[in-house]
Amino acid sequence: MKCKKVTNLEKCQGELRAPIVLEALAASGLRAIRYACEVDGIGQVLAIDKDKACFEICKKNILFNGPATCSKVAAHLGDARVYMLTHPKEFDVVDLDPYGTPSIFLDSAVQSVADGGLLMCTATDLAVLCGEDRDVCYSKYGSYPLKGKYCHEMALRILLACIESHANRYKRFIVPVLSVYMDYYIRVFVRVYTSPIAMKKTTLKLAYVYQCVACDSFHLQCIGRATTKNNVERYAPAFGPVVPQTCSDCGNQFHVGGPIWSSPIHDQAWVESILADVRSMKERYPAYDRISSVLTAISEELSDVPLFLSLHNLCRTLKCTTPPSAAFQSVVINAGYSISGTHITPLGFKSNAPMHVIWDIMRCWVKNHPLKSQPAGEPGTVILAKEPSFLVNFTQTSTINKTRAKKAARFLLNPEKSWGPTLRAGRLIKTKQVSLSSHHHQIGEAVGAQVTESTLNSHENFTNDSKFFGNK
């Protein structure tokens with residue numbers, strides 16, 4: 001398939017053309033067909049897979065869905081990496097959704113996206129990205145993960161940093177539009193641009209993470225800094241370290257993780273715009289509740305605060321009762337700082353308040369809710385031994401009341417028991433898995449079946465039916 005490129009004249013005249021989409025690792029072609037059938041104004045869609053059986057099934061599914069689909073979707077047999085390398089800056093949208101890590105496809109993917117185009121990338125190897133096998137994570141993504149409560153957001157930021165690293169090799173850089181953790185995978189949407197000058201700012205967007213081994217305190221160390229000389233902005237290594245040898249809160253050592261993407265991972269204006277569009281077309285989305293809840297939670301996140309804390313984990317460290325979420329948020333706001341939730345977990349919160357302020361708030365809470373005597377030397381005992389540096393105000397603010405008045409769902413229950421990824425295709429079912437065999441057989445039939453237009457329009461699986469987040 002040869003895709004039409006935009007000429008300089010077209011760019012100058014500001015003419016718009018239908019976006020060209022590349023779906024790498026297309027398998028049965030389900031998503032490529034859905035692009036053609038469900039996205040208004042879509043141009044050509046190319047579905048690539050190097051497996052011959054998948055290629056044949058994809059061609060049959062395209063024919064099965066009629067002339068309209070045949071005119072837009074084309075199947076291609078071959079290695080997606082080779083195809084992307086030989087078609088630089090040709091696609092407006094590249095959808096990269098492998099089973100496992102996308103790391104081996106990133107180098108060719110960032111080259112095939114047109115300037116200003118959209119790269120959508122999924123990673124399902126969360127055990128690696130969240131710190132179960134740190135050496136493997138470093139070998140695949142060039143970053144060291146940490147096992148904090150924020151590990152899933154850190155996984156998103158590791159993936160973004162990895163994509164940026166690959167883009168920089170070709171004088172390109174990325175601008176995240178949306179970064180989502182859902183169910184058992186992460187998915188990021190980034191725009192790719194070419195600019196040797198803007199590329200130099202990458203060091204300002206990356207940071208290392210210092211995580212205390214005993215308490216919840218963490219600190220970020222930016223890799224670079226910007227300086228101005230003769231009205232020219234230059235970039236140099238950052239000053240450091242930002243932390244002492246031991247944690248100033250509990251006296252223990254730090255683990256060092258990263259580098260991670262420390263700039264915003266969402267375009268808040270874009271998210272709010274998409275959320276408004278989704279709400280205005282509610283009847284078109286069988287997965288509306290899921291999409292709306294995730295976008296609502298993301299739209300309320302503080303965009304300039306990397307990672308988050310868990311209120312329950314803070315209390316576990318101190319061995320105290322947990323304050324009401326509204327009361328805790330009010331204290332932070334009354335102290336002059338910002339606070340929000342996170343779409344990762346309902347128990348997490350983001351705040352630009354320094355760690356010593358967070359611990360001071362917890363010390364004041366414990367003073368009003370005394371504890372039994374704790375063993376000496378425990379992290380919580382060391383933290384509580386210090387006096388708070390200011391008095392907190394637990395009066396609930398109007399900001400919290402306005403947020404609660406929205407009454408918008410942000411976190412939904414799983415659609416069924418034991419929700420999660422199934423067996424990889426081709427794996428044998430062991431004896432202890434026989435009880436699940438009928439369920440897996442039904443899934444296999446559904447994947448192998450031909451996809452009709454009616455199926456595409458009525459499919460109600462809340463993950464696969466999402467245009468924005470769905471995993472194959």
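**Salt bridges**

Reply: The count comes to 19 salt bridges, a salt bridge being a side-chain nitrogen of Lys or Arg within 4 Å of a carboxyl oxygen of Asp or Glu. This is a predicted model, in which local features need pLDDT of at least 70 and side-chain atom pairs count only at pLDDT 80 or more, while totals for chains, interfaces and linings use all residues. Residues are numbered from 1 along each chain as its sequence is written, and side-chain values use heavy atoms, with hydrogens and water left out.

Me: Which residue meets Arg-17 in a salt bridge?

Reply: Asp-92 does, at 3.0 Å from N to O. Arg-17 lies in the loop between helix H1 (8-13) and strand E1 (21-24), and Asp-92 in strand E4 (residues 91-96), so the pair links parts of the chain 75 residues apart; helices (H or I, at least four residues) and strands (E, at least two) are DSSP runs, numbered from the N terminus.

Me: Are Arg-31 and Asp-97 buried or exposed?

Reply: Buried means under 20% relative accessible area, exposed over 50%, and partly exposed in between (1.4 Å probe, protein chains only). Both Arg-31 and Asp-97 are buried. Their closest N and O atoms are 3.0 Å apart in a salt bridge. Arg-31 and Asp-97 also belong to a network of salt bridges with Asp-95 and Arg-187.

Me: Why does Asp-107 count as partly exposed?

Reply: Asp-107 counts as partly exposed because its relative accessibility is 22%. Its side chain meets that of Arg-169 in a salt bridge of 3.6 Å, N to O.
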